[in-house]
Amino acid sequence: MTVSDVARNDWYPVAIENLLIEGQPETAVLMGETLTILRAADDQIKVIAADGSECPLTIRYGHVWSSIGQPEHPLFDIPEADEEGRRMVDCGPVRVKASPLRVVENFLDIAHFPFVHTDILGAEPHTEVEPYKVEIRDTVDEVWATKVRFFQPQAAKSAEEGQMTDYMYRVPAPCVSILYKTSPPRPGAWDVIGLFVRPISEELCDAYAWMALYDEDSNQTDLVQFQQMIFLQDRSILENQIPRLLPLDPKMEIPTRADTTSVAYRRWLKRKGMTYGAQLVAR
Amino acid sequence: MNAEHAEKHEVSAGWVPVALSADLPDGGVMRAQIDAELPLDLVVWRSRSGQVSAFDNRCPHRGMRLSFGFVRGERLSCIYHGWQYGQDGGCRHIPAHPDMTPPTSIGANTYLCQEHDGVVWISQHADSRPDLPESGGQGLRSLSVNRDEADLRKLLAETCLPVSGGSEIAPADASIIAETQTSLVLEVASNAASLQLMIHFQKVTPGKTMLHIQTSPDLPVDLLISLSRWAERFRWSAENMGTMVKSWDASAREMHP
């Protein structure tokens, strides 16, 4: 299918900035088109399309972002990325044989914690999801979920024991999900974890996890491995959801109140006309 | 209808074997694919009390394959959010809302699932003939072969079976002594102690068939092992050679050069 304008004219992660070496170009496929990312002799990073033309470029959150269209808006902002004392952790891309929209939706869900991330992010019998608040913030055109709470045996690498964790979720773009969670070393502050997804095709994507944390004790490898372990548990689920394309027809899959964020996300995608990775009617 | 289409239509109207009973223990969960009028992808599971059930392999919540789920008591739980289903397919419990009784409209689509004499059968039609196909003896093994059922039946008509085990394997010609829509019985010719194999066919996808094999009861273990090796050799021949190789040694050499 042809890529809709909404999907085409947006920003997507194509590389990790500090891994680009001069003289060693990388390639990344974005919605079927092969892009080349290179660091030139003057240290400038460029993204080149298959036809040789230069693509739009933004470098932010440790990643190189580009587009196969012409984004009319700048990349979303995460102010916490500029805060003193935070560690930035890029976890690298993980390939997932699933729709990018399914990947984002899974990242917004907490009801699966006791079953998929057992004894880490959740555990029976603490399975209840209390009501939380979801809104589509029209001024910024983003989906936000707030006042989310869940009991977690080991909420983060820095956590020593189980605790009730507060969460917020934010979807600033169809293929990006950001979560904010209670920071164990700094009560009152939020740890930030982003999932930036590049669709390779409608049923295949690379997911880049990124974190901005307060954690002075853990080493970088442990932080990356913790996040990768969590994501690989999710991948086992994502690659076995049928249909692969995210159904936007509300009759196809049955939500409950715990799924309010996902319901809002699907409605928001439909309203925006984001159909890449989705199916409108049962196929 | 041409003959091939007629045969396919007939198979789907009745029972299809999906497992040997011994391969689905209490609390077991497995996936079964059936190439029928509409291809089926099913989850087949056995409750702790021993009851078998079969559903569409898809949780109605977020589409997760139920064949990755787990059994607790008399219910199947989806691995994603732990939704629990009773044997009638109805959703009984949603862990995110533990005090809520799930609406009766939430459920997995079910299929008739019955077992008898060592084989688990599925039917997609509510009005299937109530009599299950004949089965019996002891379960030997199930085997997946990348070949159409029709070809396999022809190849089985020409095969040799071991009639004793250990170092004294003596292959003997086998013949089909009974054949139905779902199964056939192979018997070794001219032997005082008659050896039979009952083979039940499951069309998995076009070009792929699962054989569920039972054999005569009370056979010595080394003969059972020889029969299992025969099944592997048969599969190798069916997948790699156009026609059956009757020579025991030749096919063994081809399989392990």
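Modeller: Phe76(A) has a relative accessible area of 10% and is therefore buried, since buried means under 20% relative accessible area, exposed over 50% and partly exposed in between, with a 1.4 Å probe and protein chains only. This is a predicted model, in which local features need pLDDT of at least 70, side-chain atom pairs count only at pLDDT 80 or more, and totals for chains, interfaces and linings use all residues. Residues are numbered from 1 along each chain as its sequence is written, chains are lettered from A and ligands numbered from 1 in the order in which they are written, and side-chain values use heavy atoms, leaving out hydrogens and water.

Biologist: What makes Trp65(A) count as buried?

Modeller: Its relative accessibility is 0%, so Trp65(A) counts as buried.

Biologist: Why is the aromatic pair of Trp65(A) and Phe76(A) called edge-to-face?

Modeller: Rings of Phe, Tyr and Trp (its six-membered ring) pair if their centres lie within 6.5 Å; planes under 30 degrees apart count as stacked, over 60 as edge-to-face and the rest as tilted. For Trp65(A) and Phe76(A), the centres are 5.6 Å apart and the planes form an angle of 90°, so the pair is edge-to-face.

Biologist: Which parts does this pair tie together?

Modeller: Trp65(A) lies in strand β6 (residues 63-66) of chain A and Phe76(A) in the loop between β6 and β7 (87-96) of chain A, so the pair joins parts 11 residues apart in sequence. Ring pairs also link Tyr61(A), Trp65(A), Phe76(A), Phe196(A) and Trp210(A) into a cluster.

Definitions and conventions:
Helix = DSSP H or I, 4+ residues; strand = E, 2+ residues; numbered from the N terminus.
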